[in-house]
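Please look at the predicted model below.

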Amino acid sequence: MPFFLIRRIAATLPVLVIVALIVFLMLRLAPGDPAAAILGDNASSEAMKNVRTQLGLEQSIPVQFFQWSARLLSGDLGESYFLKQSVTGLIAQRIEPTLSLAALTLVVTVLIAVPLGVLAAWRHGGWLDRALMGFSVLGFSIPAFVIGYVLIWAVSLKLGWLPVQGYARLEQGLLPWLRHLILPAVTLSIIYVALIARVTRAAVAEALTEDYVRTARAKGISEARVLVRHALVNAAVPIVTVIGIGIALLIGGVVVTETVFAIPGLGQLTVDAVLSRDYPLIQAITLFFSFLYVLINLLVDLSYLLLDPRIRY
């Protein structure tokens with residue numbers, strides 16, 4: 001185990017370096033100029049040159065990369081071109097809404113998708129199974145922003161049950177926090193419930209055909225225990241894998257959802273940074289998301305050791 005952890009952590013470093021290099025090059029080679037975004041299109045060429053010099057953009061791309069890398073290794077992510085604040089501070093301010101939305105979506109998704117998938121596998125070919133398959137197709141087919149706008153229209157504007165947009169921090173109370181996150185979490189959950197329920201159904205349906213399940217039933221063990229203790233536990237590896245993938249996709253998916261519901265999280269910060277070509281901010285957020293992806297994959301791999309004792313690293 002310790003050697004596995006060391007190998008995995010060592011393997012993540014080249015991944016993060018490659019991601020950082022690709023993002024850095026893509027930003028520098030893509031059309032657009034941060035100086036023009038700051039000063040406007042009518043600024044003089046001399047003013048544009050002065051701003052570019054202040055930002056260090058007049059230097060060659062390799063020099064810019066090595067300077068940025070040196071600051072990164074010392075823990076300095078730089079300063080936002082437009083907000084004139086530390087990038088580290090901006091990410092710290094915006095991380096709570098994003099993690100809150102992702103965590104609530106994950107809880108809602110797992111609580112609905114796993115039991116639904118198990119029941120569909122148990123009633124394989126029945127109405128519940130067919131309904132789940134139909135829901136899966138719908139869940140994958142409808143874009144998240146469409147679901148979000150429909151929920152805002154129906155639940156917030158017509159019924160007035162929940163706030164239309166915005167975010168309430170946890171320090172303002174659990175109820176306001178929850179009321180602002182329910183609609184965004186449901187918007188994202190519809191897609192991931194469809195994904196995870198479908199994988200759970202397939203994995204549990206296969207486990208139910210195994211000899212150990214027939215043996216358990218022959219011993220007179222209750223059907224609920226057969227489903228949970230024997231079928232679900234033995235089908236857990238692929239389910240956990242797809243949940244891990246879903247978390248990684250979820251973190252990327254919050255960008256659209258935060259924009260629809262005007263949640264001041266990392267997703268909306270990313271959109272603002274891209275529109276204003278705020279290089280330090282885009283690079284830092286990309287590295288942060290990449291680190292989260294790597295960490296989630298590592299945790300999923302480690303969970304295999306607990307779920308299946310036959311797996312050894």
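The paragraphs below take up the helix packing and then the surroundings of the loop residue.

Two packed helices are described by the angle between their axes and the distance between the axes. Helix H5 spans residues 87-122, and helix H10 spans residues 223-234. These two pack at an angle of about 110°, and their axes are 12 Å apart. Angles of 65 to 115 degrees count as roughly perpendicular, so H5 and H10 are roughly perpendicular to each other. The crossing in which H5 passes H10 is right-handed. On the H5 side, the contact is made by Val114, Val118 and Trp122; on the H10 side, by Glu223, Leu227 and Leu232. Sorted by class, the contact of H5 with H10 has five nonpolar residues, one charged residue and no polar ones.

The loop residue is Gln165, placed between helix H7 (144-158) and helix H8 (174-207). Is Gln165 buried, partly exposed or exposed? Its relative accessibility is 41%. Buried means under 20% and exposed means over 50%, so Gln165 counts as partly exposed.

Leaving aside residues up to four places away in sequence, Gln165 touches His180, Val260, Phe261 and Ala262. With Val260 there is a polar approach: a polar atom of the Gln165 side chain lies 2.6 Å from the backbone oxygen of Val260. For Pro280, which is 115 residues from Gln165 along the chain, the separation between the two C-alpha atoms is 28 Å.

Methods: Residues numbered from 1 in each chain as written. Predicted model: local features only at pLDDT ≥ 70, side-chain atom pairs only at ≥ 80, totals over all residues. Heavy atoms only, no water. Axes fitted to C-alpha atoms, helices over the stretch in contact; angles between N-to-C directions. Helix = DSSP H or I, 4+ residues; strand = E, 2+ residues; numbered from the N terminus. Parallel < 35°, antiparallel > 145°, perpendicular 65-115°, else oblique. Left-handed = near helix turned anticlockwise from the far one by under 90°. Contact = heavy atoms within 4.5 Å. Nonpolar A, V, L, I, M, F, W, Y, C, P; charged D, E, K, R; others polar. Buried < 20%, exposed > 50% of the residue type's maximum accessible area, 1.4 Å probe, protein only. Polar contact = N/O pair within 3.5 Å; in protein donor to acceptor, adjacent residues only side chain to side chain.
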